[in-house]
Amino acid sequence: MDVLFDGLLILARWDVVAALLIGSVGGVIIGAIPGVGAAVAIAILLPATFSFDPIVGLTVLLGIYGSSMYGGSIPAVLINTPGTAVNALTTYDGYPMTKRGEGRRALSLAYSASFFGGIFSVLCLIVLSPLLAAIAPHFGSREIFLAALLGLVLAVVVHRGQTVIAAFLVFFGIFINTIGLHTATLTRRFTFDMNFLASGIDLIVVVLGLFALSQAFVLLVDRDNSPKAAPVSGGLFQGLGELFKFPGTASASSGFGVVMGMIPGVGEFMAQFLSYTFAQRRSKTPEKFGDGAPEGLIASEAANNAVPGAAMIPLLALGVPGEALTAMMLSVFYVHNVVPGPQLFQNQMDFVMALYLALLILNVMVLVFLLFSTNTLLQVIRIPTRFLGVMILTLAFVGVYSLRNSVWDCVIAAVFGFIGFVLKRLQLPIVPIILGMVLGRIMEVKLRASMARVKTPFDFIDRPIAFILFCAIVIIIVMHVRTQLKNRKTERTENA
C-alpha cells in the first residue's frame, strides 16, 4: 500500500496530470487520423520530451501509446480505413455493422472492449509487480543478453513469409549501432574517416527517418484524399452493457494481449490474430465473423489495447523493449540516466507504480472523452492527407535538427526516410531495424560485461534463468525451421 500511495503522490503533480491529459487526448486524435499513427507521433515528440522530467516525458508518450488505438477504431468502423495499423482487424466486423446502420453500436462496442483490455492489462501488471520485483534481481548480464537475443529471434520468426528479410533488417540495425567511436576501446568503427559519423548514428534520428519521414513521403506521393464519415447519432453507452454478454471473449482476448505483450518482438498483431481465431472457434455463430460479428470486434479491440500495458513488463523489468514504441520510450529513460532493469524495481518501485497508475487513469480519461466527443473527432478524419504529409515532414526535420543542431543528422534522417519509404512500398517490416539497434546495443554491453566471468561456452548458461532462456531460443529456432521445411514439403507435393 505504501508503494501505491507513493505512486499516486508522483502522479499528483500538476505537470504530470497535464502531460497525461495531453497525451491521452492527443493520442486519440492522432489515432483517428488515417496515415499518422502512434509511432509517427511519438517519433516527432521524442526530442521535446528529453527536456522534461522522466515521469512527465514518459507520461506523454504512454498517453499517446495507450490511447491511439482507441482513436484508430473510429475510421476503421465508420469508413473501413484503420486509423492505426493495429486496427486493421477492427474493419472486418466494425464496418459491416456500420453498413447495416449499426455504426453507433459498433463504436460503442469498440470503445468498451478497448477499455476492458486496457484496464485488464494494467491490473495484471499491478498484481504481477511483487513477482517481478522478486525475479528481476536474478537477471544478471548473461540473462539480459539472452533475453535481448530472444527478443531478436522472436522479431524475426514472427514475420511469417518474411523471415529472411526480417533477419537481414535486424542485422542491419545491429550494424548501424556499431558505427562510431567505441566507448570501451576508443576506436572508430565503420566511420570511413568521416568525422560526422564519429559520434555514431543516433537512435532518434533513425526513428524519425524510418517512421515519420517515410510516412510523410508516402502521404505526399499518394493521391490526396479527404475521407468523410457520417455523424453518429445517439449515445455511446450501450456497448458497456453489451460487452458483458460476451465475458469469455473479452477476458480471453485481453489475456492473449497481456501474454503477447510480455513477449519481446511479438506485439499487437499476433495478439489480435490469436484472439480473433480463438473467438471465432468458440463462437456459436462463427459464420458471422467478417460480416459484422460483435464478438470479432470485441476480440480485436480488447487484444490490441491489452498489449501496451503488458509491453512495459520487459521494458521496465529487464530494460528490453518488445517493439518499436517501447524502444522509443527506452531512449527517454537513458537521456535522464534512469536505467530500466532489476535495479529500477529494487530502488524506484514508486516510479514504476506511477507509470502503471498512469496507464490505468488514461484508459478512464480516454473512454469518457470518446463517449462525449466522437462526432467532433470525425472532423479530424477529413484533414487532407498531403497536408498531413507536409506537417509531418516539417515537424520531423525540426525534431531531428533540435537534437544536436546538426545538418548531417537531417541528411541521415532523410536517407533512412527513403529506406523506410521503400520498405513500406514493398510491404516489408520496419520494426526489426529499430529492435536491432536497441537490442543490439544492450547485447553488446551485456556480453562485454559477462565475458569476464565466462571461461567456457557452458559457463554462459550455467544458471537456471540463463539456461531456460537459452533453451527457449533453441526451441523457437528449431520449431521455426521445422515449420518452414514442412511448408516447403507441402508446396512441393501440391505442385507435383
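Reader: Why is the contact between Glu444 and Arg189 called a salt bridge?
Author: The term requires a side-chain nitrogen of Lys or Arg within 4 Å of a carboxyl oxygen of Asp or Glu. The side chains of Glu444 and Arg189 meet at 2.8 Å, N to O, so the pair is within the 4 Å limit and is called a salt bridge. This is a predicted model, in which local features need pLDDT of at least 70 and side-chain atom pairs count only at pLDDT 80 or more, while totals for chains, interfaces and linings use all residues. Residues are numbered from 1 along each chain as its sequence is written, and side-chain values use heavy atoms, with hydrogens and water left out.

Reader: What makes Glu444 and Arg189 a link between distant parts of the chain?
Author: Glu444 lies in helix H19 (residues 431–450) and Arg189 in strand S2 (residues 188–189), 255 residues apart. Helices (H or I, at least four residues) and strands (E, at least two) are DSSP runs, numbered from the N terminus.

Reader: What makes Arg13, Asp15 and Asp53 one network?
Author: Salt bridges that share partners join these residues, Arg13, Asp15 and Asp53. Arg13 meets Asp15 at 2.7 Å, N to O, and Arg13 meets Asp53 at 2.9 Å, N to O. Asp53 is in the loop between H3 and helix H4 (54–78) and Arg13 in the loop between helix H1 (2–11) and helix H2 (14–32), so this pair ties together parts 40 residues apart in sequence. With 30% relative accessible area, Arg13 is partly exposed; Asp53, at 41%, is partly exposed as well. The structure holds five salt bridges.

Reader: How many aromatic pairs are there, and by what rule do rings pair?
Author: There are four aromatic pairs. Rings of Phe, Tyr and Trp (its six-membered ring) pair if their centres lie within 6.5 Å; planes under 30 degrees apart count as stacked, over 60 as edge-to-face and the rest as tilted.

Reader: How is the pair of Phe116 and Phe120 classed, and why?
Author: The ring centres of Phe116 and Phe120 are 6.1 Å apart and the planes stand at 25 degrees, so the pair is stacked. Phe116 and Phe120 are four residues apart in helix H6 (residues 103–135), which means a separation of about one helical turn. Phe120 is partly exposed, at 27% relative accessibility.

Reader: Why does the pair of Phe145 and Phe460 get its class?
Author: The centres are 5.4 Å apart and the planes are at 80 degrees, so Phe145 and Phe460 form an edge-to-face pair. Phe145 is in helix H7 (residues 141–157) and Phe460 in the loop between H19 and helix H20 (464–495), 315 residues apart. Both Phe145 and Phe460 are buried.

Reader: How do you know that the length of H17 agrees with that of a helix?
Author: The expected span is 1.5 Å times one less than the number of residues. The 20 residues of H17 (residues 385–404) should therefore span 28 Å, and the end C-alpha atoms are 30 Å apart, which agrees.

Reader: Which residues of H17 are buried, and where do they lie around the axis?
Author: The buried residues are Thr385, Leu388, Gly389, Ile392, Ala396, Gly399 and Val400. They cover an arc of only 100 degrees, which puts them on the same side of H17; the arc is that of the directions from the helix axis to the C-beta atoms. These residues pack against helix H3 (37–49), helix H9 (203–221) and helix H18 (407–425), with contact meaning heavy atoms within 4.5 Å.

Reader: Why does Ala212 count as buried?
Author: Ala212, in helix H9, has 0% relative accessibility, so it counts as buried. Not counting residues up to four places away in sequence, Ala212 touches Val40, Ile44, Val207, Ile392 and Ala396.

Reader: What makes a set of residues a nonpolar core?
Author: The set consists of buried Ala, Val, Leu, Ile, Met, Phe, Trp, Tyr and Cys residues joined through side-chain atoms within 4.5 Å. The largest such core has 139 residues, and Phe211, Leu316, Met328, Phe333 and Ile434 have the most contacts inside it. Helix H16 (residues 349–381) gives the most to this core, with 15 residues. Another core, of six residues, lies apart from it and includes Ala279, Phe289, Ala293 and Ala299.

Note on methods
Buried means under 20% relative accessible area, exposed over 50%, partly exposed in between (1.4 Å probe, protein chains only).
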